[in-house]
Amino acid sequence: MKLAGKTDVGRVRRENQDDFRAGELPGGAAWALVCDGMGGARGGREASHGACDVIERCFQDQYGRCAPGGEEQFLTQALENANHAIFQKSAREEALAGMGTTVVCALVRDGRAHICYAGDSRAYLFHAGRLHQLTHDHSYVQELVDCGTITAEEAEHHPQKNIITRALGVDYRLGPDCTSVVVVRGDMLLLCTDGLTNALPAAKIERLMAQTPFYDLPDRLIEAANDAGGQDNITAVLLEAEPAEVQHG
């Protein structure tokens with residue numbers, strides 16, 4: 001697997017409350033994680049950084065016990081562990097009350113990408129020159145789209161677009177969603193925060209991914225988001241499947 005990632009404060013915010021991690025695993029596997037914190041200046045940083053720490057430790061300490069077919073259970077447990085840690089810390093420290101973070105986490109092994117997430121940070125698959133969204137936003141505006149109250153086009157500029165309906169740390173229960181998809185040689189996964197997707201339409205992201213060398217992509221995506229206004233923190237993490245990853249099923 002190839003891995004590349006970058007986070008940027010953007011052009012408006014005073015601090016960066018996004019965080020990300022990524023790494024290689026035995027057998028040609030890899031994992032990646034993106035979080036977007038919320039809950040005030042200190043709370044947002046604490047939530048995203050703390051969640052990344054907990055999930056990274058799960059990969060370091062428990063991945064060896066993740067048997068084939070157990071990927072969804074492993075990812076769900078990792079996110080629930082992070083949720084518990086953030087919720088408990090928020091309850092203990094008054095200055096952190098109400099903090100939380102979105103999360104999208106990917107595990108790629110044996111020719112399949114497994115995604116687990118909560119919130120509106122997204123995962124995309126870039127396959128055969130086309131970009132496909134793998135996640136479904138946990139947001140108020142997405143619920144309006146789902147029930148037909150507004151269109152997807154209206155959702156792009158809705159004034160309540162930032163209201164999240166599910167996130168790590170805001171409740172002792174989490175209930176993340178999971179999905180998986182086959183990946184073959186040359187496919188790329190993009191994990192990103194809404195600082196990227198709110199700034200750039202999917203067609204623009206697709207063009208950049210088609211035209212940019214892999215290791216330059218995080219820089220180019222962030223540059224484009226900043227050129228579009230940089231209204232929020234921006235994070236982009238990419239994984240590219242190599243021949244050893246190919247397996248259909």
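**Loops, sheets and cores**

Student: To start, is A128 buried or exposed?
Tutor: A128 is exposed, at 70% relative accessible area (exposed means over 50%, buried under 20%, and partly exposed in between, with a 1.4 Å probe and protein chains only). This is a predicted model, in which local features need pLDDT of at least 70 and side-chain atom pairs count only at pLDDT 80 or more, whereas totals for chains, interfaces and linings use all residues. Residues are numbered from 1 along each chain as its sequence is written, and side-chain values use heavy atoms, with hydrogens and water left out.

Student: Where does A128 lie?
Tutor: A128 belongs to the loop between β6 and β7 (strands are DSSP runs of E with at least two residues, helices runs of H or I with at least four, numbered from the N terminus). Its phi is positive, near 50°, although A128 is a residue other than glycine.

Student: What about D110, what is its phi?
Tutor: D110, also not a glycine, has a positive phi near 50°. D110 sits in the loop between β4 and β5 and counts as partly exposed because its relative accessibility is 43%.

Student: Changing topic: which strands does the open sheet contain, and in what order?
Tutor: Its 5 strands follow the order β1-β10-β9-β6-β7, with antiparallel pairing (strands pair if DSSP finds at least two bridges between them). β1 (2-8) and β7 (130-133) are at the edges with a single partner strand each, so one side of each has no neighbour in the sheet. On average, neighbouring strands are turned by 20° against each other, direction ignored (axes are lines fitted to C-alpha atoms, for helices over the stretch in contact, and angles run from 0 to 180 degrees between N-to-C directions).

Student: How many bridges join β1 to β10?
Tutor: There are 7 bridges between β1 and β10 (residues 234-240), running antiparallel.

Student: How does α6 pack with α7?
Tutor: α6 and α7 (residues 217-227) meet at an angle of about 150°, their axes 10 Å apart. K204, I205, L208 and M209 of α6 make the contact with L217, R220, L221 and A224 of α7.

Student: Which strands form a hairpin?
Tutor: β2 and β3 do, with 3 residues between them, and G27 in the turn has a positive phi of about 75°. The antiparallel strands β2 (residues 18-25) and β3 are joined by 8 bridges, and D18 has D36 as its partner in β3. β3 also pairs with β4, in the antiparallel sense, over 9 bridges, and A30 stands opposite V108 in β4.

Student: How many residues of β3 are buried?
Tutor: β3 is mostly covered, with 9 of its 10 residues buried.

Student: Finally, which residues have the most contacts inside the largest nonpolar core?
Tutor: L33, I55, F59, Y63, L79 and V103 do, in a core of 29 residues (a set of buried Ala, Val, Leu, Ile, Met, Phe, Trp, Tyr and Cys residues joined through side-chain atoms within 4.5 Å). β3 (29-38), α1 (41-62), α2 (71-92), β4 (100-109) and β5 (112-118) each supply at least two residues of this core, and the largest share, 7 residues, comes from α1. Apart from this core lies another, of 21 residues, including M188, I205, M209 and I234.

Notes
Contact = heavy atoms within 4.5 Å.
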